[in-house]
Amino acid sequence: GDEEDDEEEDDEEEKAKIWNPATEPLKPGETLEYDNSAYDMIHFIGVEWPCLSFNILPDNLGVQRTNYPHVVYLLAGTQAPNDDQNGIILLKLSELNSTKDDDSDDEGFDLDEPNDQPEGDPIIEHRTFSHSMGSVNRIRYMPQQPHIIAALSSNKEVNIYDVRNHICSLDKPPHSKLRDPTPLCTFKGHVTEGWALDWSSKSVGRMITGDCKSYIYLWEPTGSNWNIDKVPFTGHSNSVEDVCWSPTEGDVFSTCSVDGSIKLWDTRKGKRPVASITAHGTDVNVMSWNSKRAFLLLSGADDGCFRVWDLRKLGADMKHQFSFNWHSGAITSIEWNPNDDSELAVASEDNSVTVWDLSLTTEKSKVDGMEIPPQLLFVHRGQEHIKETHWHSQIPGMLISTAEDGFNVFKPSNLS
């Protein structure tokens, strides 16, 4: 009786081991089981169509929130099979409880399920409006006015919307049907689609967009509208993949490109770059500027490598500060932790999100035969085709990722 039960439990414990994708690739039909003890919280949110891009909206619920359950507001844009099926989604996720002591796996929940889930499950509210001009390649809110959003479309258009009513309706259901917002501004000047879009955190309403033909456009606010330069910024020899405004200077921004370079620009000094870094030997897909230490820049490339650059050392023979080749697929998203200037999150086409702390410098260790860099804190798996991952700036340690199957909302147990 009891001894047999104990032996069965021992067998189960022996079967559970750390998965090494290099030596044991998943076979068709195989899935990964996650270890509850590795997460303080993990929830799975299914969506009708995948979202290539999303933002975590700021809220008025307080900063440095640690008490469960959590509430999260999201902004996302879809990638549907037909253009007219696409939409921009505003989400409110509440009752996000800790799952650390759960016995059973979180089966997740879908946007279109009724909100009468059993007690303990998350509650979801969502508002969607049509984005029939195509998939949303990149979506971002204006930092100073989060209800103003910009969406970069697969049909080359860029649209700015005011979604104040949709955000408010997540807390107070509207008495009548919400109308789809009319764009405040539409730009059709990009000759091809693009993925690069960023609002300035220092200069209200200022925005940069970039496209696959290497053209970069500056948006200047003019009261209730925007003036977009007729003449683009040029300097890259191939597609501009990402753009970041300086966190400290309202006239300085950076770009990265398929041409392997990172370039720095100053809007006061013409339409050519003021500095260039030969960053990677392949496409540079994504970048992130450290908001606490503005001389640090992150880049992620197509070969799975990501690097850290110290802009105080700009020059012809500039070398990276750190370089990591842990990931086996292209880097699709990279972001400094807004609450910790040495931590960062990386998403990759190898179907993982990793968390790193660059302040750790001990020797490499081995776990089940795998060599683990000392700076690697956490590996999150279980999603396919992960496109973006973001930190929640008001909930320390919380990360959200978007992939083919929807969103994962999680907090690793080893992050404070």
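**Note on the predicted model: strands, rings and backbone**

1. The side chains of Lys92 and Asp171 are joined by a polar contact of 2.8 Å, a term for a pair of N or O atoms within 3.5 Å in which, within protein, one must be able to donate a hydrogen and the other to accept it, while residues adjacent in sequence count only if both atoms are side-chain atoms. Lys92 is found in strand 4, where strands are DSSP runs of E with at least two residues, numbered from the N terminus. Lys92 counts as buried because its relative accessibility is 17%, the limits being under 20% relative accessible area for buried, over 50% for exposed and partly exposed in between, with a 1.4 Å probe and protein chains only. Leaving aside residues up to four places away in sequence, Lys92 touches Val71, Val72, Tyr73, Ile123, Ile124, Glu125, Leu170 and Asp171, contact being heavy atoms within 4.5 Å.

2. The model is predicted, and local features need pLDDT of at least 70, side-chain atom pairs count only at pLDDT 80 or more, and totals for chains, interfaces and linings use all residues. Residues are numbered from 1 along each chain as its sequence is written, and side-chain values use heavy atoms, with hydrogens and water left out.

3. Strand 3, residues 70-78, is mostly covered, with nine of its nine residues buried. In a regular strand the side chains alternate between the two faces of the sheet. On one side of strand 3 the buried residues are His70, Val72, Leu74, Ala76 and Thr78, and on the other they are Val71, Tyr73, Leu75 and Gly77.

4. Strand 3 runs antiparallel to strand 2 (residues 51-57), to which six bridges join it, and it pairs in the antiparallel sense with strand 4 (residues 87-96) over seven bridges; two strands pair if DSSP finds at least two bridges between them.

5. In one, four strands with antiparallel pairing have the order 7-8-9-10, with strand 7 (136-142) and strand 10 as the edge strands, each pairing on one side only. The twist averages 15 degrees from one strand to the next, with axes taken as lines fitted to C-alpha atoms and angles running from 0 to 180 degrees between N-to-C directions. Strand 7 pairs with strand 8 (residues 145-153) over six bridges in the antiparallel sense, and Leu152 in strand 8 is the bridge partner of Arg138.

6. The other open sheet has four antiparallel strands in the order 15-16-17-18. Strand 15 (240-245) and strand 18 (275-278) each have a single partner strand, so one side of each edge strand is left without a neighbour in the sheet. The average twist is 20 degrees from one strand to the next. Five bridges join strand 15 to strand 16 (residues 252-257), and Asp242 stands opposite Cys256 in strand 16.

7. The count of aromatic pairs comes to 15, under a rule in which rings of Phe, Tyr and Trp (its six-membered ring) pair if their centres lie within 6.5 Å, with planes under 30 degrees apart called stacked, over 60 edge-to-face and the rest tilted. One of the pairs, Phe187 with Trp219, is edge-to-face, at 5.6 Å centre to centre and 75 degrees between the planes. This pair links distant parts of the chain, Phe187 in strand 10 (residues 185-187) and Trp219 in strand 13 (residues 216-222), 32 residues apart. Both Phe187 and Trp219 are buried.

8. Phe233, Trp245, Phe253 and Trp265 form one aromatic cluster, and Lys271 lies over the face of Phe233, 5.3 Å from the ring centre. Elsewhere, the charged end of Arg312 sits over the ring of Phe295, 3.6 Å from its centre. Such a charge is NZ of Lys or CZ of Arg within 6 Å of the ring centre and within 35 degrees of the ring normal.

9. Some backbone values deserve a check by eye. Most residues other than glycine have a negative phi, and most peptide bonds are trans. The peptide bond from Tyr68 to Pro69 is cis, with omega near -5 degrees, and Pro69 lies in the loop between strand 2 and strand 3. Glu95 has a positive phi, near 55 degrees, and is placed in strand 4.
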